[in-house]
Amino acid sequence: MGLYDEDRADIQASLAGDGGAYERLIKRYEARVAAQMWRFTRDPAVCEDLVQDVFVEAYSSLATYRGDAPFLHWLKRIATRVGYRHWKKKSREKLLVPLENLDEAESRGGPQQPSAAADILHHLLSRLRPADRLVMTLIYFEGSSTEEIAARMGWSRGRVKMHAYRARKKLREIAERENLAEELGWTR
Amino acid sequence: MDTLKGLEELARQARMEEAPATNVSSRVLIRIMERRPSPILPLSLFAAASAAAAALVLFFGLSSWLSLSDPMRELFAPLEMVVL
């Protein structure tokens, strides 16, 4: 039985009320969803809450999954919306990640280390508006194209390009103001 | 290096980062069970409301029925003899 068939069988069983089948689906995709939610927060506890939210929301909409795309793609779409909603809520609370954390990130091995590079990038992107930040997060962390982002969010491609353009402009301004090129050794 | 190229290089490094491990399955199932509405409760509420409404209608209907007089009686009333 292939993964697609396994997913279909577990989805049907979950819809019939089989908790064990949904648990299998969670275990199958939890790590992939967690990797995506880790792009939306650097706090492991918040990340875990977001992963939970994704699977709870997925269960509520499970009957609407038509099976014309892999289950993981469908889950990732939900995960993106959950993460975006989290940022919008955070931005209403005016919670910004201070850029001073750069020093801490650098002390953990500099931008050559994946986790330090991710920290720096996360802090930089947190300065953007939620929609701009989402587009750049998906481009930078997942290597998504504007077309993929548009499909995932239900936005037009023009809107995604506009957010990407505005975000890059703002990032360049921040980088110049904070003298990042020198701090991160881009001038070498 | 151009700022945007620098950021892309940073992103390339960042993509290699591993996310922390999570274990959410049991908590997700608990949350789903909590959210799932009990199918019995709304039906029971509906049945109780229907029974109460039916009892009220029966009560008023019965008392009205008992107080009803013969509808033909009014026709013959003027013909009643008045004994002086």
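Predicted model: local features only at pLDDT ≥ 70, side-chain atom pairs only at ≥ 80, totals over all residues.

Visitor: How many helices and strands does chain A have?
Guide: Helices (H or I, at least four residues) and strands (E, at least two) are DSSP runs, numbered from the N terminus. Chain A has 10 helices and zero strands.

Visitor: Where are the domains of chain A?
Guide: Domain bounds come from an automatic or database domain assignment. Here, domain 1 covers 1-95 and domain 2 covers 98-188. For what passes between them, two residues are in contact if their C-beta atoms, placed from the backbone, lie within 7 Å. Eight residues of domain 1 of chain A touch nine of domain 2 of chain A. The domain 1 side of that contact splits into two nonpolar, two polar and four charged residues. As for the classes, Ala, Val, Leu, Ile, Met, Phe, Trp, Tyr, Cys and Pro count as nonpolar, Asp, Glu, Lys and Arg as charged, and the others, Gly among them, as polar.

Visitor: Which residues have the most contacts inside the largest nonpolar core?
Guide: First, burial: a residue is buried if 20 or more other C-beta atoms lie within 10 Å of its own, exposed if 12 or fewer, and partly exposed in between, with C-beta atoms placed from the backbone. A nonpolar core is a set of buried Ala, Val, Leu, Ile, Met, Phe, Trp, Tyr and Cys residues joined through C-beta atoms within 7 Å. The largest one has 26 residues, and V33(A), M37(A), V51(A), V54(A), F55(A) and L75(A) have the most contacts inside it. Helix 3 of chain A gives the most to this core, eight residues. Another core, of 23 residues, lies apart from it and includes L121(A) and I139(A).

Visitor: At what angle do helix 9 of chain A and helix 1 of chain B pack?
Guide: Axes are lines fitted to C-alpha atoms, for helices over the stretch in contact, and angles run from 0 to 180 degrees between N-to-C directions. This pair packs at about 95°, with axes 10 Å apart. Angles of 65 to 115 degrees count as roughly perpendicular, under 35 as roughly parallel, over 145 as roughly antiparallel and the rest as oblique. Helix 9 of chain A and helix 1 of chain B are therefore roughly perpendicular. T3(B), L4(B) and L7(B) make the contact from helix 1 of chain B.

Visitor: Is F40(A) buried or exposed?
Guide: F40(A) sits in the loop between helix 2 and helix 3 of chain A, and is buried, with 24 other C-beta atoms within 10 Å. Leaving aside neighbours within four places in sequence, F40(A) is in contact with L50(A), G83(A), H86(A) and W87(A).

Visitor: What about L68(B), buried or exposed?
Guide: L68(B) lies in the loop between helix 3 and helix 4 of chain B. L68(B) is exposed, with 7 other C-beta atoms within 10 Å.

How values were computed
Residues numbered from 1 in each chain as written. Chains lettered and ligands numbered in written order.
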